[in-house]
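Here is a short briefing on one chain and its contact with a partner chain. Please have the sequence and the 3D view open as you read.

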Amino acid sequence: MTSRKWISALAGLLALAGLAIAWGTIIERVAAGSPTALVAMATREGPQPPRREIQGESESPTITFIANTTATCYRPIAGAGECYIQWNYLSVAASSPSYIISMTVSIDGRLRANHSGFFQTSMFVPGEMYDPGFRVTCGFPGAGGVAGMGNTYSYIIRARETSGLAAANYGSVTCPADVVQVFVPLIVRH
Amino acid sequence: MRKFVIPMLLAGLMLTAAFVMVEVARGQGFGPRVIKHETQGENVREVNAPAQGDGPQQPAISFIDSPTATCYQPDPAVDACYLNWYYLSVSASPNYMITMTVTLNAFGPVAHMQGFFQTSMYAPYNMFGRGFKVACGAPGAGGDPQLGNAYAYTIRARDSAGLGAANYGTTYCPSYTP
């Protein structure tokens, strides 16, 4: 009789432990989410305040702030779900005799453009050089934290010059909302 | 008679070889003579004159200006990048510019421009459309772990006085991760 009680108690404990493990796994999976969910979670933080900086050990840096004017996300075709990120221009300069070595554009943590300097003290990239822009997903309304708008994408623009100084701009751009619309043809049976 | 002919032939050969060596020394080799040469990291630019002839000490042709070699990936879901320059520019006043050629070393010439009674030549980025389509490549494919393929390029220009200019560089593309 006593042993039966012990067995029942042990079985109960085992069942409780099983439930706890299952619950923990579910919580972990929800927290991790699928890769798509992770992107959505990241973009739900909303637009980030813009920030710019110059890195290096110098009181009077020989590299300017990067100018990246008019960050734009536009949706050329409704119902395609495709948006394009574009700038009016990107520009940075170093003081002679330093040369600009490189400038890179990263969107959502992915490097999308690399510019290499060639014996140049300044670098200017007009927006048309990326025509039509960097393709991204527009997203559902409110997906980026702005009511009625789509996904918000963070970007980093970095530049480096020959004396070792660097400049970086951090910002974000919110896209119009748009999702892929699939029209199923209506077939009427006679 | 045979004793006389063989030494004569040998002497003739020696004389010919001596003349050839003198000519090579005067022209400093068979290739073009480099008049100006500058290096910055992986980038090299130079101005050269033909191997034959004296050539000017102050060449009329400028260095080629080819700023902001760009490689960008419009769509991260596709392994397609586009390579372009902000502009290409060279001048040779008072001489005329004859040609300027862009070569991607892995593919061969990709653009060839010909002068028409012009002392300078300017090609902005939009003359090449979106740019030259290349494969982005896997991360680290070009040697930099944060970037994809590396593409070496050569830009050459020639003026009507026979002078040349050349730029040699390498540009790295964003990587493609499927």
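This is a predicted model: local features need pLDDT of at least 70, side-chain atom pairs count only at pLDDT 80 or more; totals for chains, interfaces and linings use all residues.

Residues are numbered from 1 along each chain as its sequence is written, while chains are lettered from A and ligands numbered from 1 in the order in which they are written.

**Chain B overall**
- Chain B has one helix and 11 strands. Helices (H or I, at least four residues) and strands (E, at least two) are DSSP runs, numbered from the N terminus.
- Along the sequence, the pattern of chain B is α-β-β-β-β-β-β-β-β-β-β-β.
- Of its 178 residues, 35% count as buried. Buried means 20 or more other C-beta atoms within 10 Å of the residue's own; exposed means 12 or fewer; partly exposed lies in between; C-beta atoms are placed from the backbone.
- Take the contacts in chain B between residues at least 6 apart in sequence: 58% join residues at least 24 apart. Contact means that C-beta atoms, placed from the backbone, lie within 7 Å.

**The six-stranded sheet**
- In chain B, six strands form an open, antiparallel sheet in the order β1-β2-β11-β10-β6-β7. Two strands pair if DSSP finds at least two bridges between them.
- Its edge strands are β1 (33-40) and β7 (108-114) of chain B, each pairing on one side only.
- Inside the sheet, β2 (residues 43-49) and β11 (residues 164-172) of chain B pair in the antiparallel sense over five bridges.
- B:E46 has B:A166 in β11(B) as its bridge partner.

**Where chain B meets chain A**
- The contact takes 29 residues from chain B and 22 residues from chain A.
- On the chain B side, β1, β2, β3 (69-72) and β11 each supply at least two residues.
- That side of chain B has 12 nonpolar, 13 polar and four charged residues. Ala, Val, Leu, Ile, Met, Phe, Trp, Tyr, Cys and Pro count as nonpolar, Asp, Glu, Lys and Arg as charged, and the others, Gly among them, as polar.
- Strand β7 (residues 110-116) of chain A pairs with β3(B) in the antiparallel sense over four bridges.
- A:N114 stands opposite B:C71 in β3(B).

**One residue: B:I35**
- B:I35 lies in strand β1 of chain B.
- B:I35 counts as partly exposed because it has 18 C-beta neighbours inside 10 Å.
- B:I35 and B:Q58 are 23 residues apart along the chain, and their C-alpha atoms are separated by 8.5 Å.

Methods
Two residues are in contact if their C-beta atoms, placed from the backbone, lie within 7 Å.
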